[in-house]
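Walk through this structure with the coordinates open.

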Amino acid sequence: FVTDVTKYLIHEEALYEKTHKDQLTGLFNRYTLNYHFELHSHEQPLIGIYFDIDDFKIYNDTYGHSTGDEVLKLVADNLLSITNDSVTSYRLGGDEFFCLIKNGNINLAHEIIHYIQEATSKMSIDEKYVNLSLSIGASYIDENDVIDFYHEDFIKHADSLMYKAKAKGKNGYVIEQYKK
């Protein structure tokens, strides 16, 4: 007997996309971030980059939600362009994003942060620059600090560092080592 399972595979793939990825941007969602942490938290060094778009609500309210959605898609496209076996990107909600870097180093974190900032500053819609900036917090565990940790605390640490960057005047970043 031969059975065509194509429709079941298509259904499974669609179900995976709905449960693991953000519908607007195609990036992984928070659910998948938590799952990936369970899989990879032992792969230290580990770096988490948490960021949002400065004053996005004002921009969204001024130009409309459809333009805001386009901006989020452009940011996601920039993140997807750097995705590889070591770097995975997520949309956590609204204008909040997270990059998880496994087996990376501080130099790679700086490179990714600079790339994200530069790519965002050059974004345009309908041939008009959108003049956006990012506030970024990056938390890391280096290879000499093999520790067990709760991933939500690691994410919160990166989030708090993002707010430190905002307090310094926005459009910047703060990187600090995660301490349990």
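**A buried aspartate and its surroundings**

The side chains of Asp 54 and Lys 166 are joined by a polar contact of 3.0 Å. Such a contact is a pair of N or O atoms within 3.5 Å; within protein, one must be able to donate a hydrogen and the other to accept it, and residues adjacent in sequence count only if both atoms are side-chain atoms. This is a predicted model: local features need pLDDT of at least 70, side-chain atom pairs count only at pLDDT 80 or more, and totals for chains, interfaces and linings use all residues. Residues are numbered from 1 along each chain as its sequence is written, and side-chain values use heavy atoms, with hydrogens and water left out.

Where does Asp 54 lie? It sits in the loop between β1 (46-53) and α3. Its side chain also reaches the backbone nitrogen of Asn 171, at 2.9 Å. Asp 54 counts as buried because its relative accessibility is 5%; buried means under 20% relative accessible area (1.4 Å probe, protein chains only).

Next come the helices, which are DSSP runs of H or I with at least four residues, numbered from the N terminus. Helix α3 (residues 56-63) packs on helix α4 (residues 65-80) at about 135 degrees, with the axes 6 Å apart. Phe 56, Tyr 59, Asn 60 and Tyr 63 of α3 meet His 65, Thr 67, Gly 68, Val 71 and Leu 72 of α4. Contact here means heavy atoms within 4.5 Å.

Finally, turn to α2 (residues 30-40). Its buried residues include Leu 33 and Phe 37. At the start of α2, a side-chain oxygen of Asn 29 comes within 3.2 Å of the backbone nitrogen of Tyr 31.

Conventions
Axes are lines fitted to C-alpha atoms, for helices over the stretch in contact, and angles run from 0 to 180 degrees between N-to-C directions. Helices (H or I, at least four residues) and strands (E, at least two) are DSSP runs, numbered from the N terminus. Buried means under 20% relative accessible area, exposed over 50%, partly exposed in between (1.4 Å probe, protein chains only).
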